Structures are given as C-alpha cells and as structure tokens.
Amino acid sequence: MHVIRSRYGFEECEDRLKDAVAAAGMRLFAVIDHGGNATEVGVKLRRAKMFIFGNPMAGSLLMQENMEVSYDLPLRVA
C-alpha cells in the first residue's frame, strides 16, 4: 500500500480523481463512503472514501490471459 498526501482539500482531490479516471478512458464503478457509513452506525471516523474504477475492455483482455489478475481488478484508491 502506498500513501500519497495531496496538497488539495478533500472535495477537490475527489473531483480531480474522478476527472482523471474519466480522462484516462476508465469507468468509475463505485464510490464507497467509509466515513459516511461509520457515521450511520454511530462510529467516529474522518472522511474516507474508496473509489473503484477500471477499464472493462482492458481488464477482460488481461483476465483472458491470466484469471488471477482478477484479484487485483478493478483498481482502487482510498
């Protein structure tokens, strides 16, 4: 796991990530709001989201060659 600090605020970083995924021709499959989910059950957690994204064509072709690639796909950023 790699940790990269952003010089942008949470919302701007989130917007930039979504824009970068789209600009790269990938699809944003899901956004999991860990912080929001924690709040719903009464647990304090700082804002935290996971973005799940990828390119279905590229991923499918990779999995045709080696199905074990599916353990690493789709891509995720938290």
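Student: How many positive and negative side chains does the protein have, and how far apart do the centres of the two sets lie?
Tutor: In this predicted model, the protein has 10 positive and 10 negative side chains. The centres of the two sets lie 7 Å apart.

Student: What makes a side chain count as positive or negative here?
Tutor: Lys and Arg count as positive, Asp and Glu as negative.

Student: Why is Glu14 called buried?
Tutor: The relative accessibility of Glu14 is 11%. Buried means under 20%, so Glu14 counts as buried. Buried residues make up 12% of the 78 residues in the protein.

Student: Where is Glu14, and which residues does Glu14 touch?
Tutor: Glu14 sits in helix H1, residues 10–23. Not counting residues up to four places away in sequence, Glu14 touches Lys49 and Phe51.

Student: What makes the pair of Glu14 and Lys49 a polar contact?
Tutor: A polar contact needs a pair of N or O atoms within 3.5 Å, one able to donate a hydrogen and the other to accept it. The side chains of Glu14 and Lys49 make such a contact at 2.9 Å.

Student: Is Arg76 called buried, exposed or partly exposed, and why?
Tutor: Arg76 has a relative accessible area of 47%. Under 20% would be buried and over 50% exposed. The value for Arg76 lies in between, so Arg76 is called partly exposed.

Student: Where is Arg76, and which residues is Arg76 in contact with?
Tutor: Arg76 is in strand E3. Leaving aside neighbours within four places in sequence, the contacts of Arg76 are Met50, Phe51, Ile52, Phe53 and Tyr71. Phe53 is 23 residues from Arg76 along the chain, yet their C-alpha atoms are separated by 6.4 Å.

Student: What lies 2.9 Å from a polar atom of the Arg76 side chain?
Tutor: The backbone oxygen of Pro74 does. Pro74 is in the loop between helix H3 (56–65) and strand E3 (75–77). A cis peptide bond joins Leu73 and Pro74, with omega about -5°.

Student: How does the radius of gyration of the protein stand against that of a compact globule?
Tutor: A compact globule of 78 residues would have a radius near 12 Å, but the protein has 15 Å. The C-alpha atoms fill a box of roughly 45 × 25 × 20 Å along the principal axes.

Notes. Residues numbered from 1 in each chain as written. Predicted model: local features only at pLDDT ≥ 70, side-chain atom pairs only at ≥ 80, totals over all residues. Heavy atoms only, no water. Rg over C-alpha atoms; globule rule 2.2 N^0.38 Å. Buried < 20%, exposed > 50% of the residue type's maximum accessible area, 1.4 Å probe, protein only. Charge placed at Lys NZ, Arg CZ, Asp CG, Glu CD. Helix = DSSP H or I, 4+ residues; strand = E, 2+ residues; numbered from the N terminus. Contact = heavy atoms within 4.5 Å.
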